[in-house]
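Biologist: Before we discuss any details, could you put the sequence and the model on the screen, so that we can go through the chains one question at a time?

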Amino acid sequence: MLRFSCLVFSRGAARRFASSFSSETALPPNLRLPSNLVDPDRLKRPPPPEDSSLPLIRKCDAALPAHLSPVRTWVDTLESKDSEPLGLTELHPDVFAVTPRLDILHAVETWQRNYKRISHANTKVRSEVRGGGRKPWKQKGSGRARHGSIRSCPPLKLNCGVSHGPRGPNSYYYMLPMKVRVQGLKVALSSKMAQQYLHVVDSLNIPTPDSQYLLELIRNRHWGESVLLVDVSQEFSENILQATANLKTVNLIPAIGLNVHSMLKHEAIILTLDTVRFLEEKLLWHDERYTFLYPFKLPYSDFP
Amino acid sequence: LSMSLGLLTLRALRGAPGLCRRTPAATGGLRAASSAAPRDKRAVITESTEEYKFVERLIPPTRIPDPPKHVGAAPSGWTPPAESPPPLPYMIRRSRMHNIPVYSDLTHGNRRMTLVRKVEGDIWALEKDVKEYLRQVTGKELPTQVNEVTMTLKVKGHFEQELKDWLASKGF
């Protein structure tokens, strides 16, 4: 029996061990991937080359570190469905090209889900269950186990109290350090940039309030299934509001509402040039700030 | 005027001088303004925001300023980073207070470690150079730990000052 099982299990050994000697990117042969996992059309447009003829619309405002160069991307328009990029823009590497720290992303995402959580699960303890104040039978002489109340444990009555159950509204509130949350935003933006899911647009003005127009634009440009449109101001134009109102996968948020969960939920992120400037200013400030003397809500002389 | 003088004498008689010490002219002026129509010009209350600049200059800034330019080293021994980054496969950034990010750690009362943070680029080349340098300094092979996720390097033993001087001499 042992010899038979050894023979059976070592049959595919050569094939299995071959993968460990081959290159690191070799996928296992029995792995089945869905065909629409990576859209090859999205990766057809490479990042802009060094000697591109299009104008550089925006340069980084903040000082760049000497050993890093800015990230360059195309600037598109939403005016027409199939239009060429308007120009190029430079993005700060300390916001859009940081090390992809997946552990920070995970931490920030779980924090976002759990810090608002209040679980209302509640069970009654034996003192809170109705009844059960009287000793059911005398301590000695009845031949049964000794008990003080019918609500203490299951063999007595099924509606007993739970000793160690969930106790009342329970809060799971905790705060991650501010710098960790900021780094999470930077890592999310950098990851989207690296996977070519981040696009920059001059503004969110569209010619028609038609949802189909937006959907066809997104499909033409191979942006992805779900799109998050981010603008600086909290007032949006009527056209874009109406177009995205009935769409489930295309959403609008102001730049102050940008968060890691939304960025991970939507495939493509569309930022305007003003949003890029706003994000760079706010996120880079955390790299060169003092720790607070009093909360940042109170006035400081150069708060961004 | 006679009314205000009468009030003042009453106050003195009551004998609570320490509690509300106001100038006689002010009390007289306010009383006159509230009771009757303002007859005197000096009772008008004016607002001015010109003195607010004295408050504004007390509010602290949030950003850490750039250090002043010294010729050579500062009196404390601090040196600025080199103008252009050194041509090495790795880069070590300065901390937000413009210092070299090398820290010593002591845990369990006897476990000494030195931590190099904020490394970018090829961290294994840095580890090799650090091991080589510390072998010249101490004469023994020190265990090191490279964390590729956080891009930090830990060395066994307290070598904070040596590593800081070495990195400053390299131009980081």
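Biologist: How many helices and strands does chain B have, and in what order do the elements run?

Modeller: This is a predicted model, and in it chain B has 5 helices and 6 strands. Read from the N terminus on, the elements of chain B follow the order α-α-α-β-β-β-β-α-β-β-α.

Biologist: What share of the residues in chain B is buried, and what share of its contacts with a separation of 6 or more comes from residues 24 or more positions apart?

Modeller: Chain B has an accessible surface of about 12700 Å², and carbon and sulfur atoms account for 57% of that surface. Of the 172 residues in chain B, the buried ones make up 24%. Among the contacts in chain B with a separation of 6 or more, the share from residues 24 or more positions apart is 61%.

Biologist: In what order do the 4 strands of the open sheet in chain B lie, and which are its edge strands?

Modeller: The sheet is open, its pairing is antiparallel, and its strand order is S2-S3-S6-S5. Each edge strand pairs on one side only, and in chain B the edge strands are S2 (102-107) and S5 (144-147). Averaged over the sheet and with direction ignored, neighbouring strands are turned against each other by 20 degrees.

Biologist: Which residue of S6(B) is the bridge partner of Leu115(B)?

Modeller: Strand S3 (residues 111-116) and strand S6 (residues 152-156) of chain B run antiparallel and are joined by 4 bridges. Within S6(B), the partner of Leu115(B) is Lys154(B).

Biologist: Which residue in the turn of the hairpin formed by S5(B) and S6(B) has a positive phi?

Modeller: S5(B) and S6(B) run antiparallel and are joined by 4 bridges, with Thr144(B) standing opposite Val155(B) in S6(B). The two strands form a hairpin with 4 residues between them, and the residue in the turn that has a positive phi, of about 55 degrees, is Met151(B).

Biologist: Which helix lies across S2 and S3 of chain B, and at about what angle does it run to S2(B)?

Modeller: The helix spans residues 160-170 of chain B and lies across both of these strands. The helix is H5, and its angle to S2(B) is about 165 degrees.

Biologist: Turning to chain A, which residues of strand S6 are buried on each of its two faces?

Modeller: Strand S6 (residues 198-201) of chain A pairs in the parallel sense with strand S2 (residues 71-76) over 2 bridges, where Val75(A) stands opposite Val200(A). S6(A) is also joined by 4 bridges to strand S9 (residues 268-272) of chain A, again running parallel, and here His199(A) stands opposite Ile270(A). Both faces of S6(A) are covered, and the buried residues are Leu198(A) and Val200(A) on one side, and His199(A) and Val201(A) on the other.

Biologist: Why does the salt bridge between Arg58(A) and Glu280(A) tie together separate parts of chain A, and how many residues apart are they in sequence?

Modeller: The two side chains meet at 2.8 Å, N to O, and both Arg58(A) and Glu280(A) are buried. Together with Asp61(A), these residues are linked in a network of salt bridges. Because Arg58(A) lies in strand S1 and Glu280(A) in helix H9 (residues 273-285) of chain A, the pair ties together parts whose separation in sequence is 222 residues.

Key:
Residues are numbered from 1 along each chain as its sequence is written. Chains are lettered from A and ligands numbered from 1 in the order in which they are written. This is a predicted model: local features need pLDDT of at least 70, side-chain atom pairs count only at pLDDT 80 or more; totals for chains, interfaces and linings use all residues. Side-chain values use heavy atoms; hydrogens and water are left out. Two strands pair if DSSP finds at least two bridges between them. Axes are lines fitted to C-alpha atoms, for helices over the stretch in contact, and angles run from 0 to 180 degrees between N-to-C directions. Contact means heavy atoms within 4.5 Å. Buried means under 20% relative accessible area, exposed over 50%, partly exposed in between (1.4 Å probe, protein chains only). Accessible areas come from the Shrake-Rupley method with a 1.4 Å probe; for residues, only the protein chains shown count as cover. A salt bridge is a side-chain nitrogen of Lys or Arg within 4 Å of a carboxyl oxygen of Asp or Glu.
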